[in-house]
Every structure is written in C-alpha cells, then in structure tokens.
Amino acid sequence: MARIVMKFGGTSVADLERIKNVARHVKREVDAGHEVAVVVSAMSGKTNELVGWVQGTPKVVGAISPFYDAREYDAVVASGEQVTSGLLAIALQAMDINARSWQGWQIPIRTDNAHGAARIMEIDGSDIVRRMGEGQVAVIAGFQGIGPDNRISTLGRGGSDTSAVAVAAALKADRCDIYTDVDGVYTTDPRIEPKARRLKKIAFEEMLEMASLGAKVLQVRSVELAMVHKVRTFVRSSFEDPDAPGMGDLHNPPGTLICDEDEIVEQEVVTGIAYAKDEAQISLRRLADRPGVSAAIFGPLAENHINVDMIVQNISEDGSKTDMTFTVPSGDVEKALKVLGDNKEKIGFDVIQSESGLAKVSVIGIGMRSHTGVAASVFRTLADKGINIKAITTSEIKISILIDGPYAELAVRSLHSCYGLDKN
C-alpha cells in the first residue's frame, strides 16, 4: 500500500464526462489499496471566465487599470476549484467510494498575504492523514489557501500544481501524479518539432529550468517544492484509459518521472529545448556606475512582483557610466516602465527604452556540467540559420539566448536536431 496524491488539471475536468473519467482513475488507485488524496483545478476555461468578470467590473475611483482589490479577486477566482472538488467528490460517492471535498482554508493551507500570487507557508495535513487512514479520499481544491488576514488566497495561474506537490510533501506521500492533457515531458514542444521524444525520467534541476524557461507542463514553484522535499513526481495523461495495461503500476506508470539526479543512470549532454515567446527587453541608458544602482533598479521591480530574467550590463570606457538591459514578460512591460519611471530620480538613468516581441530559447541538460563545446554548438547552429542573438545567459545546466520572436520555432527545431534529440 502507498500514499498517492493525484492532481488533475482543467482539461482533465473540463465537463461532467471528464470528471467521471477522473473518478475512474481515482477508483483504480483506491481499489489497489492505496491511500489517495486528489487535487483539482477549475474546469477548463472557468478561471478565465471568472478573471474576466473581475476585470469587467468598475475599478476603484482613481485606480490605474487593471488594479482592483486583490483580496476580492481571490474570493471570486477561487470558486472554480470549489465547484470541481465538490463535483468529483459526488462522482466518487456514486461509485461507492468514501470521498469528501476540502477547500484550502479547511485543511488549512496557510499562505503569505500576496493575494493573487501567494506562497504556501505551512500545511497541516493531520486531519486528512487521519481520514485517509480510515479509507476516505480527500478531494482538495487546488490553487487556493488562506492568508494571514484570514481571507482566501490564490497561488497564481497554474497554482494547482504547486498545491498538489505541497500537499504530497505535507502528507509524506510516496508519489505525486500530475495528470494533464499530455502524456509526459518531451524534449521540446511536439507542436513545433514533431520528432520530439517523451522523456522517461528528468532530473528536478532540469525540469525546473524547463518550467522556468517556457515549458508549460508544470508550474515553476511546483518543481521547486518537489526538488526541496524530494517528492517523486510523475507527469501523466488523464486521457488514457484508466484501466489500460500498466496504468496501475506503482513504480513505473506511463509518463515521465521527475526525480533526483541520482536516479538517472544515463545522463544526456542536452535533455531538452525550451522556449518562451512574448519576451520584452528593457534598457536603461547612461546610469552612474556606483554601488547600489542595481538594487535601486531591481528592488522596486521585485516588490511589484515583476520577474526579471536575462540581465546584461555594459560599462563605458572611462568607467563612469553603464547601460543595464534585462528581460521581463511582455505582459509586465507597462507595469515595469511605470515602476522604473517612478524611481527615476533614485536610479539615475538618462533614457529608458523597451522592445517587445522577442523570444527566449534555452538549451538544458545536467550533462552540460561535464561536457565542453555545448555553447559553441548553439552559436554555430544559429549563425548557420542567419539568426541574430540579442543577449545570452548561462548556468551550469542551461544556455539561454534572446532572439527576434519570428525566429523562435526555427531556432527550436535547429537546436533540437543539432543535439540529436530527434533520434531514438
């Protein structure tokens, strides 16, 4: 017997028929004698609908669009998961399975007070563990918790993945299965490169890089939690027949296992190619080259929850002035420009420039630590295709390059082939 957390995303619970299919997946694990907790997202499209309702209501007088009370935003958008958890509990009860729905505040899942993008601080899973021991399936509303102000909080888009991994860690689960509309993690997006291969295993660090650099299989914070707490996580398809051969295999079910690096015997030099479109570049020109300038730039951006990625600094010949260039998601450009403008006097820049419509393509692999020439191959491949590089950042296991958006798919296909990822 094992303790398993199963998470089902929006497409997996899109309608009542899909919810009944999810119930069959859960029943398979219950019938095998496992203790089961299920984390669910809102039905496909519902969160977007709820967000649209919030955005369509009158703003606070004098507020700059799209600002509104984030606490009330959370109260509205968290309702989608509440509906799904109740419907799945009912579907399981109809199959004669003892099941009960749980909202984030009932567990409780305690978060910080960053409404709309809260972080989980603590989960008390003792009551759920007790009830699982009595044979009850816990159906948990993902994406939500309770903040220090005793109000509902939400974890940001894709937050149900984070809920599932955090619950698995709190319950000391043997496994966390993330069911989605794809059957695992691929070497790159199969919609761009049909020769992309499904990976049997991928290390936490590699998956973290892929998730943060554009792969949309898992939310970044869910992978961070899985890595910190060593939660063995499987990415699986909810669209496969729940009773197909191997689906009930405890140790090697169909899908991709995200695990510790030590579990991967053969490490490829490059594991995958990730990409992110809709990147934007912001440049601050002629800054004074003095201590504290970087803090003056990136501190206010962080306080406003704006993620900054690639950072490039150029110093003038006499060392008195510097240019600072960095990337942010295109959706955050206006907000970032406003924050920087409000802090212009403190930062001390002369001119601010921005460019949208860029793409970031990344080559990822833990094998890069012990192999040379990976970067040279990236640059040679792109040069052969006539693709100009605007910025480069590297780490031990990844190389990211910033290019013009229209060249993103060509770059992905070329690099995928360059490293032999299209070969079995």
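## Salt bridges across the chain

A salt bridge here means a side-chain nitrogen of Lys or Arg within 4 Å of a carboxyl oxygen of Asp or Glu. Keep in mind that this is a predicted model. With that cut-off, R369 and E261 make a salt bridge, since their closest N and O atoms are 2.9 Å apart. The two residues come from distant parts of the chain, 108 residues apart. R369 sits in the loop between strand 16 (351–364) and helix 12 (374–384), while E261 belongs to the loop between strand 12 (256–259) and strand 13 (272–288). R369 is partly exposed, with 34% relative accessible area.

R286 pairs up with D350 in another salt bridge, and here the closest N and O atoms are 2.7 Å apart. Since R286 is in strand 13 and D350 is in the loop between helix 11 (344–347) and strand 16, this pair ties together parts that are 64 residues apart in sequence. R286 counts as partly exposed at 42% relative accessibility, and D350 counts as partly exposed at 41%.

D161 lies in helix 6 (residues 159–170) and K7 in strand 1 (residues 3–8), so the bridge ties together parts 154 residues apart in sequence.

Searching the whole structure turns up 33 salt bridges.

## R236 and its network

Some of the charged residues are joined up: R28, E29, R175, D177 and R236 are linked in a network of salt bridges. R236 is worth a click in the viewer.

What does R236 touch, leaving aside residues up to four places away in sequence? The contacts include the network members R28, E29, R175 and D177. Also on the list are I178, Y179, T180, V182, D183, M247, P253 and P254. With P254 there is a polar approach too: the backbone oxygen of P254 lies 3.5 Å from a polar atom of the R236 side chain.

## Aromatic rings

The count of aromatic pairs comes to two. In one of them, the rings of F8 and Y179 have centres 4.6 Å apart and planes at 15 degrees, so the pair is stacked. F8 is in strand 1 and Y179 is in strand 9 (residues 175–180), which puts them 171 residues apart. Both F8 and Y179 are buried.

The other pair is F298 and F326, with ring centres 5.2 Å apart and planes at 75 degrees, so this one is edge-to-face. F298 is buried at 18% relative accessible area, and F326 counts as buried at 0%.

There's also a charge over a ring: the charged end of R18 sits over the ring of F239, 4.0 Å from its centre.

## Helix 7

How much of helix 7 is buried? Helix 7 (residues 204–212) is mostly covered, with seven of its nine residues buried. Those buried residues are F204, E206, M207, L208, E209, M210 and A211.

Key:
Residues are numbered from 1 along each chain as its sequence is written. This is a predicted model: local features need pLDDT of at least 70, side-chain atom pairs count only at pLDDT 80 or more; totals for chains, interfaces and linings use all residues. Side-chain values use heavy atoms; hydrogens and water are left out. Buried means under 20% relative accessible area, exposed over 50%, partly exposed in between (1.4 Å probe, protein chains only). Helices (H or I, at least four residues) and strands (E, at least two) are DSSP runs, numbered from the N terminus. Rings of Phe, Tyr and Trp (its six-membered ring) pair if their centres lie within 6.5 Å; planes under 30 degrees apart count as stacked, over 60 as edge-to-face and the rest as tilted. A charge sits over a ring if NZ of Lys or CZ of Arg is within 6 Å of the ring centre and within 35 degrees of the ring normal. A polar contact is a pair of N or O atoms within 3.5 Å; within protein, one must be able to donate a hydrogen and the other to accept it, and residues adjacent in sequence count only if both atoms are side-chain atoms. Contact means heavy atoms within 4.5 Å.
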